[in-house]
6 protein chains.
Amino acid sequence: MHPLFLLSLLLLSCSASALQDDYCVANLKGANTPSGYQCKDPSTVTVDDFVFSGLGVEGNTSNLIKAAVTPAFVAQFPGTNGLGISAARLDLAPGGVVPLHTHPAASELLIVVQGSICAGFITSGSNKVYYKTLKKGDTMLFPQGLLHFQINAGGTNAVALVSFSSPNPGLQITAFALFANSLPSPTVEKVTFLDDYEVKKLKGVLGGTN
Amino acid sequence: MHPLFLLSLLLLSCSASALQDDYCVANLKGANTPSGYQCKDPSTVTVDDFVFSGLGVEGNTSNLIKAAVTPAFVAQFPGTNGLGISAARLDLAPGGVVPLHTHPAASELLIVVQGSICAGFITSGSNKVYYKTLKKGDTMLFPQGLLHFQINAGGTNAVALVSFSSPNPGLQITAFALFANSLPSPTVEKVTFLDDYEVKKLKGVLGGTN
Amino acid sequence: MHPLFLLSLLLLSCSASALQDDYCVANLKGANTPSGYQCKDPSTVTVDDFVFSGLGVEGNTSNLIKAAVTPAFVAQFPGTNGLGISAARLDLAPGGVVPLHTHPAASELLIVVQGSICAGFITSGSNKVYYKTLKKGDTMLFPQGLLHFQINAGGTNAVALVSFSSPNPGLQITAFALFANSLPSPTVEKVTFLDDYEVKKLKGVLGGTN
Amino acid sequence: MHPLFLLSLLLLSCSASALQDDYCVANLKGANTPSGYQCKDPSTVTVDDFVFSGLGVEGNTSNLIKAAVTPAFVAQFPGTNGLGISAARLDLAPGGVVPLHTHPAASELLIVVQGSICAGFITSGSNKVYYKTLKKGDTMLFPQGLLHFQINAGGTNAVALVSFSSPNPGLQITAFALFANSLPSPTVEKVTFLDDYEVKKLKGVLGGTN
Amino acid sequence: MHPLFLLSLLLLSCSASALQDDYCVANLKGANTPSGYQCKDPSTVTVDDFVFSGLGVEGNTSNLIKAAVTPAFVAQFPGTNGLGISAARLDLAPGGVVPLHTHPAASELLIVVQGSICAGFITSGSNKVYYKTLKKGDTMLFPQGLLHFQINAGGTNAVALVSFSSPNPGLQITAFALFANSLPSPTVEKVTFLDDYEVKKLKGVLGGTN
Amino acid sequence: MHPLFLLSLLLLSCSASALQDDYCVANLKGANTPSGYQCKDPSTVTVDDFVFSGLGVEGNTSNLIKAAVTPAFVAQFPGTNGLGISAARLDLAPGGVVPLHTHPAASELLIVVQGSICAGFITSGSNKVYYKTLKKGDTMLFPQGLLHFQINAGGTNAVALVSFSSPNPGLQITAFALFANSLPSPTVEKVTFLDDYEVKKLKGVLGGTN
């Protein structure tokens, strides 16, 4: 046997233990922890654990906001577990809007790949709005946890690819958090300054109760 | 000279370099970085850099929400810099409300020290509300980045002490972010589903423009 | 069906996967990991997982140090798991003392809510002591891992609420570490410079062996 | 003056200190630190600090590898500082190749937006190769620090947008590290097992010395 | 019973929950997570979980590179789990070489304890080589993820002790990654600029296929 | 000009910005921050910034504890800045002792390279002692922030190399913290349970005041 090949075997045995820590594909049926899901058995991992095809499919924008978000977070794309990154696709038909929302656990980077999008975020403290109309190829950042939005700014379908600084950024859409919940309307009104009429109307529309 | 004393000098010189890294009191006039402010010169640090007296003072609740938040974040309490923790005092007169808000960069732990407070948070995704009326001594957690609120639940002044998992948790009050900004009203309406009347009324009240 | 409601369903399904990562309530009977305990099944989580009532109860100070520490760490308050924060209550009867100790894994922020407390910490390297008598409302910081103490500085009961930059800060009381262990007395003497008489006396009192 | 407006002023003053920590746009002429560059003065920040237009421009692939990488790392896009994310554009003419390389400080997520790309990475320890031909819309992950490559797999120009889990992922192209350096050829040969002829040839081509 | 002893019991019960979080010895048969392995049951932990004797044994350098690496990573030394550190021993017979490699997940600190070693690393971007001949007692740093090598620089056996900033640094030896894999030779050639002859020769020697 | 060389220039310009982030050698005269010192200008960095020779020099053990600690922390070895690792050398003459101490900011890994050392640490909560006599080649771990000690266990000089999971682990020697400070003796007695005689004697020996 060739000595280099022997070396190969030697060093492989040394480092074999490191193998499964190059990555930690999520076992979504296993335990979740503060650092992410437990790892899938490395011997069952294939290239398809690192490949996701869902972002190539146009989202269905036949809804009131004429928009769709297709996530590739850890639940859809288990390979992202522990890697500090994930992605999503954003489709905006003409007139489409992604309502004001936050990602509690990640910063976002958006790249326009088709059409034109007006996007912005609101700072805490000073309530300053940073917003701009982005054209194809423009990239915009939304710092972690801040309210932000995207609106189709042209007459044609717009598409953006977004990535996040976490495999599970979370998504809290303000209107849904306010009106699609079970919090009594008087409480909602107290904590938002909104009118009773407005709160009850939107609770009705968005499926809130109480 | 006594040999132990010599040892003392010896080992002190060894470890002297570690001294200033036990802590990093913020030099608020110096550079800020992603990990916090640059450190104040350790030779000028005194015990008062680690002590803050502002939380003993009742906040002024003579305002519409009958509430006051007194922060001890890094800007008010530079000793917190780099220590992963900060605090605030919450005063709620009868009828007082801390409106719906988020801390983009920290989880919060609240302890009621006087009176009774109804507090809650809303999850992302499912818009589930976890809320409860807390009495003196009760502690409640608000996970990072999620919308939450506090309401005086009794007929007397309520006081809570809150701490945060960051020296600079940030504070984004939803109503202010929505209505105290310069974003044109039609845009606000589009991204919140709110009526034009409501948006313009609250923009007027809260000092928003456009 | 109303189109906004449809949207609601649509987006909920998109983000449902993010739900359980807003928080990770500890399953204390499950696996522990370097980042904390595995998460409790989110479908069984209730508001009571985020509320702890133990800090409202006065600790029993009928002991030699006339002091009591009531923790709300992850073992007592599983909701803190993964949130980077926890708390405790400190009761000091007149003459009460919390002996010199460290928290190996967290910085501490203490707020005096009743009485008066003399508190201090000792830096590494220079052995400088930062200490001060704190009155009601005063807040003091103790940087991670440094020796610190609290002493009732008045004639009445004193109470402090403390928070930590970790769900499990640890607590190593120096006198107990030195004398309530099974390390042979000659070894203790060698590594502390203390007399044989002193070591054996305190081993006896604190329950040490050998 | 309206009481809510007063409140607005009150709370703004409370939280004003948090303002500049929502983000930390890099001051590239200021100090760099282990956590990133010092922050630009927040009063000079504009929306353009969060927008980058370079990824919309096709890279020049008139070179031997028929490929171009256009980075939007912190040096090109200072707004990414401290946000845990950055991006790049990849252009591959027919026959184009991004040679084997690593990012020492980040995981990578690649989305094909035009054409077809064969991409893969090599694990440590077992030297297993995970590779696949990706079509438009496919996303692939490359775990931190592992060797990986991309090759145009079709007859037309291919474009990919890539994002990274760090504002400054680094880029170490193996062939350049091996042959475009000043390390003496015998040393290169010893540490790579390559022939003297091969090393000297590629040193010549790639501009290495010694 | 003595009151101090009672105190001892009291405080122990308070802090008992912190016990198992002082450390998290890996249960290698349990779940792995992005933060490391699940912890071994603390009640079964002994001092031997924190002691490893393998680094005292000379590695077998009877191979072509005349070198051996003996790791004390988490797989060999489970006590390192969660502690942010691990180690290895490096033996280099005369003429011995540790070929160019990276640790994807850690920085390295090497101390020469016998003989003389020429060591170096190559920066990303500028391909600058920092290298030096180290004598007994010299320490050298290799920043995370960068290509580096070690060569016996004397006529006698050389030994180095190395430590890493992670319990599982990983080890990717460039020559093995390139030639001991199953990637088709034409692909290897394309992504490395190497000749077909060279690639096939080294694939043969190192056990690569295709 | 050769096209590959052109490519070389092209890609170098792309990645030049990443250069200085491969490492961040401390500028000890510049600002310190919570993440470490600001970086030295990369254009002035040489290989000697990554090499430290002090650990090859025997420490002076002509003192009462017959021991010496030679640190290679960030203050002595600025190249460790931001790399998450540092080192030290430990010399123990026969009878030598490194007294009980903690590193507030790091875990420690010790390798015996000469002689025999009895080393141990004490857990928090249960005050359990894990200790063992280590021979040449044995490695032992000391988890972050816990009290630990080392004692020469043989009749000859012993030497250990230790590494830490931080560039600046800190070093708090308990006896010095207790007795080499300016805290009034009655206070020391109260927080340690030690006798007045013992405290005053050791204050005298170790240079404490008050």
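A disulfide is a pair of cysteine sulfur atoms within 2.5 Å. Keep that cut-off in mind for the first stop. The model on your screen is predicted.

**Stop 1: a disulfide in chain A**

Select A:Cys24 and A:Cys39. Their sulfur atoms are 2.1 Å apart, and the two residues form a disulfide. Now look along the S-S bond. The torsion about the bond of A:Cys24 and A:Cys39 is about -100°, so this disulfide is left-handed.

What does the pair tie together? A:Cys24 sits in the loop between H1 and strand S1 (32-33) of chain A. A:Cys39 sits in the loop between strand S2 (36-37) and S3 of chain A. The pair therefore ties together parts that are 15 residues apart in sequence. Over all chains, the count comes to six disulfides.

**Stop 2: where chain A meets chain D**

Show chain A and chain D together. How many residues are in contact here? From chain A there are 55, and they are in contact with 55 residues of chain D. The area buried between chain A and chain D is about 4,200 Å². Carbon and sulfur atoms give 69% of that area.

Next, look for polar pairs. Across the interface of chain A and chain D there are 15 residue pairs in polar contact, with both residues at pLDDT 80 or more. Several elements of chain A give two or more residues to the side that touches chain D. Among them are helix H1 (3-15), strand S5 (86-92), strand S7 (108-114) and strand S12 (158-164). Colour this side of chain A by residue type. It divides into 30 nonpolar, 18 polar and seven charged residues.

**Stop 3: a salt bridge between chains**

Stay at this interface. The rule finds two salt bridges across chain A and chain D. Select A:Lys132 and D:Asp48. Their side chains meet in a salt bridge, at 2.3 Å from N to O. Over all chains, the count of salt bridges comes to 36. The pair of A:Lys132 and D:Asp48 crosses between chains. A:Lys132 is in strand S9 of chain A. D:Asp48 is in the loop between strand S2 (36-37) and S3 of chain D.

**Stop 4: strands that pair across the interface**

Now find S10 of chain A and strand S3 (residues 51-52) of chain D. Two bridges join these strands, which run antiparallel. Which residue of S3(D) is the bridge partner of A:Thr139? The partner is D:Phe52.

**Stop 5**

Zoom out. Chain C and chain D do not touch, and their nearest C-alpha atoms are 18 Å apart. Chain A and chain F have no contact either. Their closest C-alpha atoms lie 18 Å apart.

**Stop 6: a sheet in chain F**

Go to chain F and show its strands. Strands of a sheet pair through backbone hydrogen bonds, either parallel or antiparallel. In chain F, five strands make an open sheet in the order S9-S8-S11-S6-S13, with antiparallel pairing. Which strands stand at the edges? Strand S9 (129-135) and strand S13 (172-173) of chain F do. Each has a single partner strand, so one side of each is left without a neighbour in the sheet.

Two bridges join strand S6 (residues 97-102) of chain F to S13(F). Select F:His101, whose bridge partner in S13(F) is F:Ile173.

Strand S8 (residues 116-122) of chain F and S9(F) pair in the antiparallel sense over seven bridges. Here F:Ala119 has F:Lys132 in S9(F) as its bridge partner. S8(F) and S9(F) form a hairpin with six residues between them. Select F:Gly125 in the turn, where phi is positive, about 75°.

**Stop 7: a sheet in chain B**

Move to chain B. Five strands form an open sheet here, in the order S9-S8-S11-S6-S13, and the pairing is antiparallel. At its edges stand strand S9 (129-134) and strand S13 (172-173) of chain B. Strand S6 (residues 97-102) of chain B is joined to S13(B) by two bridges. Select B:His101 to find B:Ile173 opposite, in S13(B).

**Stop 8: one lysine in chain C**

Finish at C:Lys135, in strand S9 (residues 129-135) of chain C. Which residues does C:Lys135 contact, leaving aside its neighbours within four places in sequence? They are B:Ser53, C:Val112 and C:Gly115. Last, select C:Ala158, 23 residues from C:Lys135 along the chain. The C-alpha atoms of C:Lys135 and C:Ala158 are separated by 9.5 Å.

How values were computed:
Residues are numbered from 1 along each chain as its sequence is written. Chains are lettered from A and ligands numbered from 1 in the order in which they are written. This is a predicted model: local features need pLDDT of at least 70, side-chain atom pairs count only at pLDDT 80 or more; totals for chains, interfaces and linings use all residues. Side-chain values use heavy atoms; hydrogens and water are left out. Contact means heavy atoms within 4.5 Å. Buried area is the accessible area (1.4 Å probe) that two parts lose on being put together, summed over both. A salt bridge is a side-chain nitrogen of Lys or Arg within 4 Å of a carboxyl oxygen of Asp or Glu. A polar contact is a pair of N or O atoms within 3.5 Å; within protein, one must be able to donate a hydrogen and the other to accept it, and residues adjacent in sequence count only if both atoms are side-chain atoms. Helices (H or I, at least four residues) and strands (E, at least two) are DSSP runs, numbered from the N terminus. Ala, Val, Leu, Ile, Met, Phe, Trp, Tyr, Cys and Pro count as nonpolar, Asp, Glu, Lys and Arg as charged, and the others, Gly among them, as polar. Two strands pair if DSSP finds at least two bridges between them.
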